[in-house]
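Colleague: I am new to this one. Please show it to me, and then let me ask about the labels.

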Amino acid sequence: MIQRSLGPRSVSAVGLGGMPMSIEGRPDAERSIATIHAALDAGVTLIDTADAYHLLPGEVGHNEELIARALKTYAGDTANVLVATKGGHLRPGDGTWTRDGRPEYLKEAAKASARRLGVEAIGLYQFHRPDPHVPYADSIGAIRDLLDEGVIQLAGISNASVEQIDLANRILGGRLVSVQNQFSPAHRSSLAELEHCTELGIAFLPWSPLGGIRNAAELGSRHAVFAQVAADHGVSPQQVTLAWELALAPVVIPIPGASRPASIQDSAKSAELELTTAEIAALTAAV
Ligand SMILES: NC(=O)c1ccc[n+]([C@@H]2O[C@H](COP(=O)([O-])OP(=O)(O)OC[C@H]3O[C@@H](n4cnc5c(N)ncnc54)[C@H](OP(=O)(O)O)[C@@H]3O)[C@@H](O)[C@H]2O)c1
């Protein structure tokens with residue numbers, strides 16, 4: 001698969017999002033492992049997860065453990081796979097997502113993630129979401145300490161504004177390598193952050209790049225231009241969507257979620273799908 005830069009690392013242009021394998025509607029572990037193996041077979045070398053991708057209170061890190069298991073049982077070489085996890089979000093078990101951006105919490109959470117992933121140092125650790133009760137600089141200060149202490153190899157942030165990107169990069173001494181924000185045909189409010197990352201050469205990872213777990217299947221019926229371009233190429237509207245996101249800037253690395261091998265197999269092909277300048281313009285202009 002075509003590669004893109006994520007800090008000093010080179011990863012597949014399309015990654016895999018692990019969330020659908022661990023939250024509401026998740027499949028059994030066997031299908032999840034098959035899905036992760038299918039991603040690896042397709043050349044995916046970036047897997048996104050979070051300690052909060054679980055359902056019940058007692059199973060924090062459900063998705064991290066799945067990924068660790070899938071990597072361990074994979075027959076091929078996994079040395080170049082970058083697992084990107086996150087901390088700062090929690091799921092108390094009632095379906096809600098809460099936040100904890102306290103430095104002492106983040107430091108413990110990162111160490112617990114490393115243990116679950118079975119690594120000495122986490123490949124990429126992302127601060128999941130700003131906590132309104134904790135100064136952003138304090139949370140990012142914890143991420144900087146984790147970098148300096150070698151608990152994590154690379155640092156990223158998620159759900160961040162342009163101002164927070166600049167603040168985080170300053171606190172990290174220019175070592176911010178990625179920003180993960182929501183971006184899809186239906187959700188384009190992070191275009192300013194995407195453009196800012198492009199200027200700074202920081203990887204931009206669109207989350208819910210197909211519109212989210214509940215909406216991904218309807219992408220073609222909700223976005224006629226995407227469906228039309230897909231029909232012209234004889235591919236799925238989901239593939240066109242990911243190819244369009246990739247075409248927006250060289251720093252973009254979408255992380256489509258999947259809970260079935262066929263989904264990530266199809267999504268991975270988007271890295272090779274070439275859209276014309278006119279198609280990209282039409283997709284960008286489409287609402
Ligand atoms: N940082 C954050 O705050 C945040 C928030 C949300 C998500 N994320 C990350 O972003 C990742 C992606 O977002 P998401 O999973 O919420 O939504 P998404 O990627 O927009 O949609 C995921 C769904 O799309 C379906 N799908 C994937 N590829 C497909 C294809 N080629 N054709 C048809 N259907 C396809 C999958 O169906 P099947 O399940 O049937 O395979 C999956 O359930 C997450 O997994 C997670 O890692 C981060």
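Colleague: What makes helix 9 and helix 11 roughly perpendicular to each other?

Modeller: This is a predicted model, so local features need pLDDT of at least 70, side-chain atom pairs count only at pLDDT 80 or more, and totals for chains, interfaces and linings use all residues. Residues are numbered from 1 along each chain as its sequence is written, and side-chain values use heavy atoms, with hydrogens and water left out. Now the angle. Helix 9 (residues 237-248) and helix 11 (residues 277-285) pack at about 100°, with their axes 10 Å apart. Angles of 65 to 115 degrees count as roughly perpendicular, under 35 as roughly parallel, over 145 as roughly antiparallel and the rest as oblique. Helix 9 and helix 11 are therefore roughly perpendicular.

Colleague: How do you know what counts as a helix, and where its axis runs?

Modeller: Helices (H or I, at least four residues) and strands (E, at least two) are DSSP runs, numbered from the N terminus. Axes are lines fitted to C-alpha atoms, for helices over the stretch in contact, and angles run from 0 to 180 degrees between N-to-C directions.

Colleague: Which residues of helix 9 and helix 11 meet?

Modeller: Val240, Trp244, Ala247 and Leu248 in helix 9 meet Ile280, Leu283 and Thr284 in helix 11. Contact means heavy atoms within 4.5 Å. By class, this contact has 6 nonpolar residues, 1 polar and no charged. Ala, Val, Leu, Ile, Met, Phe, Trp, Tyr, Cys and Pro count as nonpolar, Asp, Glu, Lys and Arg as charged, and the others, Gly among them, as polar.

Colleague: At what angle do helix 2 and helix 3 pack?

Modeller: Helix 2 and helix 3 (residues 103-117) pack at about 35°, with axes 8 Å apart. Glu64, Glu65 and Ala68 of helix 2 make the contact with Ser113, Arg116 and Leu117 of helix 3. The classes here are 2 nonpolar, 1 polar and 3 charged.

Colleague: Why is leucine 273 called buried?

Modeller: Buried means under 20% relative accessible area, exposed over 50%, partly exposed in between (1.4 Å probe, protein chains only). Leucine 273 has 15%, so leucine 273 is buried. Its place is in the loop between helix 10 and helix 11. Leaving aside neighbours within four places in sequence, leucine 273 is in contact with His233, Val235, Gln239, Val240 and Ala243. Leucine 273 and valine 240 are 33 residues apart along the chain, yet their C-alpha atoms are separated by 7.6 Å.

Colleague: Why does serine 267 count as buried?

Modeller: Its relative accessibility is 4%, so serine 267 counts as buried. Serine 267 lies in helix 10. Not counting residues up to four places away in sequence, serine 267 touches Val14, Leu242 and Pro256.

Colleague: And why does alanine 286 count as buried?

Modeller: Alanine 286 has 13% relative accessibility, so alanine 286 counts as buried. Its place is in the segment after helix 11. Alanine 286 touches Arg188, Val225 and Phe226, not counting residues up to four places away in sequence.

Colleague: What makes a space a pocket and not a cavity?

Modeller: The test runs on a 1 Å grid over the protein atoms alone. In a cavity, a 1.4 Å probe fits but cannot get out; a pocket is an open set with protein on both sides within 12 Å along at least five of seven lines. Lining residues have an atom within 4 Å of a point. The largest pocket holds about 1200 Å³ of space. Its lining has 43 residues, with Met19, Pro20, Gly212, Ile213 and Arg214 nearest its centre. Helix 10 gives the largest share of that lining, 4 residues. By class, the lining has 15 nonpolar, 19 polar and 9 charged residues.

Colleague: How do you get a volume from grid points?

Modeller: Grid points are joined across faces, edges and corners, and the volume is the space filled by probe spheres set on the points. For the second largest pocket, that is about 250 Å³.
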